[in-house]
Amino acid sequence: KPTRLEDYTPFNFDLSESRFDFRLDPRQTTVRSLLSLTRTAPGPLVLDGENIDLVSVEIDGRLLKRTAYRVTQTQLILDDVPDQFALNITTRCDPSANTTLMGLYVSGGRFCTQCEAEGFRRITYYPDRPDVMSEFTVLIDADKAAYPTLLANGNMIEAGDIDGGRHYAIWHDPFPKPCYLFALVAGEFDRLDDSFITMNGRTIPLEIYVDPGDAPKAAYAMDSLKRSMAWDERAFGREYDLDRFMIVAVRDFNFGAMENKGLNIFNSSLLLADAQTATDLNFERIESVVAHEYFHNWTGNRITCRDWFQLCLKEGFTVFRDQEFSADQRGAAVQRIKDVRALRARQFAEDNGPLAHPVRPTEYLKIDNFYTATIYEKGAELIRMLKTWLGDATFRKGCDIYFDRLDGTAATVEQFIACFEAASGEDMHPFMQWYHQAGTPRLTVERHQTPTSPVISQVVSFSQMTPPTPGQADKAPLMIPIRWQAIGDDGPLMDPQLTVMTTDTQTVSYPRFDVPHSLSIMQGFSAPAILRSDATTEDLIRLMGQDPDAFNRWEAGQTLARRLLVDCARALESGTMPEPDPALGAFFGALGKTLRDDSFDDAFKALVLTQPTGMEVLMAAAPIDPIAVSEAGDWLARAVADGLRNDLLQTYAAMKDSGPFSPDAASAGRRALKGRCLSLLAARFDPLAASLAAQQLDDATNMTDEIGALITLSRLGGQRVESSMESFFEKWKDQPLVLDKYYSVQAMRHHADGIHAIIRLAETPTYERSNPNRVRALVGGFAMGNVRLFHRLDGSGYRFFADQVLDMDGRNPSVAARLLGAFEIWRKLDAKRQQLIRDQLDRIIATRPSKNVLEIAQRMRGA
Ligand code: ARG
Ligand code: ZN
């Protein structure tokens, strides 16, 4: 039943041109396709198709009898066809009834499509696979009053009116593409216009289509787009190719956004922003996703994937590119820290749980289930390691070879790596293991104290070990680039070194110093590994103050905090109060010093004041009671706030903004630091924190400050919370994106009546159970952000969550399967909770859910 990498065979026909005529109607849309096919290998013609009605099939203009073809649930099979012919297929579908949001559907009265990975087969019968590339011409015919704007990929070549109040447009895309990059949009939109002049002097009109009234909220996305276009020319030599570039925002969307050729479609939550309704994090994500989708034009569209096993070829590389863009726009150190924090919270959790899979998997049931942190974020880390290993110039040369050699093709990871082999002359074979092997390597570092004279050098040894993952018991050593440096009390004692490990253990010597020093290992997080270092508290404090590598300076504080949190969580679980830790004083001292040092960005300081995620602590302390982990977090926050109260109050006051809102990185950094200070003060239930938060809520002129204050108040509890939540709701109930925020803040509160409050929220009239954003806000927010209620020992949290997943599964399997991922941590929990989640997984499996949910539930269950 599963699809396997080893079974790959090319399609047996060449499909040079595809023409589609859409007659749009929300209830019954007719699609006529005209395909020019030339045989390249023997065998029947097999086309994919799902949930569509077949009306007729013609070959070279002759209508086929019903006996000349076979139709199954998923295919149209023509056993006997000529070697070269024109195939004409007519089908019908019902976009208004399409709740899966894959294929052609209606959102807010507008038609739109989502075809990646396998949605095109819900539109018409077609070879729905990425290696079949064709030149598309698309005619759209629709009611003119209801759907004044008609869009598809490429350039518009003709448009006009037709009888019966209808009109049409014909679009042509000169670049051959696989059907997953097809898009069609029809409806009433407002448009934001701008243009970009490319490096060769071509003027490209840029158009962003949004719901009527929303155009001003697309300004930041437009600005991000222009910066992305300029950056891709500068950093990778990539110029835009079509005559126009369009982006459309839709409210009902299964994930973030989609890189359809020349016509990107975005979840409106990743496109629309202004000071009043969007947080700094929203602005930051809009900038990076706009860039990501734009960068796909080369890494994904011009060069696409041979099959879906190669997904990381476009996604890992494109994430790497968007991370580099964000680093350039907002500061490299801060960006790297944020990326690694997310990697550890999401990808490490995946790689060390039941859903672990290689960056290039070898089999799947539903490819939708593989749009994962491993393929995206770990995939990006592999590209980063290539760059670290080969150096900037050789890396860029390899990219140039790739763009040149593989343009217009559907490629594999091997072909990609071969370009870097050509650029560097290195044997890249050992590096491929990263693509084949799941799991996070553990890297152990030991300094060996060497006896005194006459020794002139000392030794550090590295050893690696990757624990087994499902289906992969034995692991081979990986090629691990380790950037490291010895640091003394006055700064570095040597230049940074790059040790590229290729075996299980490796020993390196370095000069002997006569002063105390510490080793800064894995600077810049040079590999996606878990470091087990023998660094002492003294080492970590030294690195917090002296490491020239900003990432490791931050990481030293995180390592210390992680140790404190793990010890505290274990103590709490066993019912003892944590002993006052002697490391705390030095830790506060180092934090305070950073906070008072003007040479650091405010955004960096905010990150230094941010604790490791609960997920990191859970994984380090597993198996453990998750509530103990959460309480340990509260304990450390309180301790830090006690130790640094005056610094926090002063910094909070100093970070107050005056003047108009600006979303730039420096201003966002000030707000982030202010927010961290407030939330730490709230952790010690400082009476001042409540009044600061209340004041901030009243004074807020932007959503970052407003929602930050609301969350702080909701943590502090008390009189003001209910009324503040209610006024927030009243103020924003007509703004869907802000209402999503309301639901997620509610989902994460410690409601007095527990799960009942969450159940009631799911029954409120403004809760839209068919909108993925709303469901992710409430159900996802609850499962990922409400430790106390989700993990209740009576099992009510898990049961509610499973009910919601099943409810969603009836409508939208891919969103349901993704939600279910929240259970992936189950084996890290205490025995009682493991049993409770196992029961829910078994219950889900017993209901015969969709293939998507079944695959996730079974893999999680380990069946
Ligand atoms: N290619 C899109 C992006 O990374 C995401 C498509 C997700 N598709 C899916 N079936 N989950 O920008
Ligand atoms: Zn992508």
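A residue counts as near a molecule if its C-beta atom, placed from the backbone, lies within 6 Å of it. This is a predicted model, in which local features need pLDDT of at least 70, side-chain atom pairs count only at pLDDT 80 or more, and totals for chains, interfaces and linings use all residues. Residues are numbered from 1 along each chain as its sequence is written, while chains are lettered from A and ligands numbered from 1 in the order in which they are written.

**View 1. The residues around ligand 1.** Around ligand 1 sit Glu 116, Ala 117, Phe 255, Ala 257, Met 258, Glu 259, His 292, Glu 293, Glu 315, Asp 368, Tyr 371 and Ser 814. Strand E20 (257-258) and helix H2 (280-295) are the elements giving two or more residues to this shell; helices (H or I, at least four residues) and strands (E, at least two) are DSSP runs, numbered from the N terminus.

**View 2. Inside the largest nonpolar core.** A nonpolar core is a set of buried Ala, Val, Leu, Ile, Met, Phe, Trp, Tyr and Cys residues joined through C-beta atoms within 7 Å, where buried means 20 or more other C-beta atoms within 10 Å of a residue's own. This one has 244 residues, and Leu 184, Ala 221, Val 248 and Ala 569 touch the most other members. Helix H10 (residues 550-573) gives the largest share, 12 residues.

**View 3. Zooming in on Val 248.** Leaving out residues up to four places away in sequence, Val 248 touches Cys 112, Leu 151, Val 185, Tyr 209, Leu 263, Ile 265 and Phe 266. Touching here means C-beta atoms, placed from the backbone, within 7 Å.

Technical notes:
A residue is buried if 20 or more other C-beta atoms lie within 10 Å of its own, exposed if 12 or fewer, and partly exposed in between; C-beta atoms are placed from the backbone. Two residues are in contact if their C-beta atoms, placed from the backbone, lie within 7 Å.
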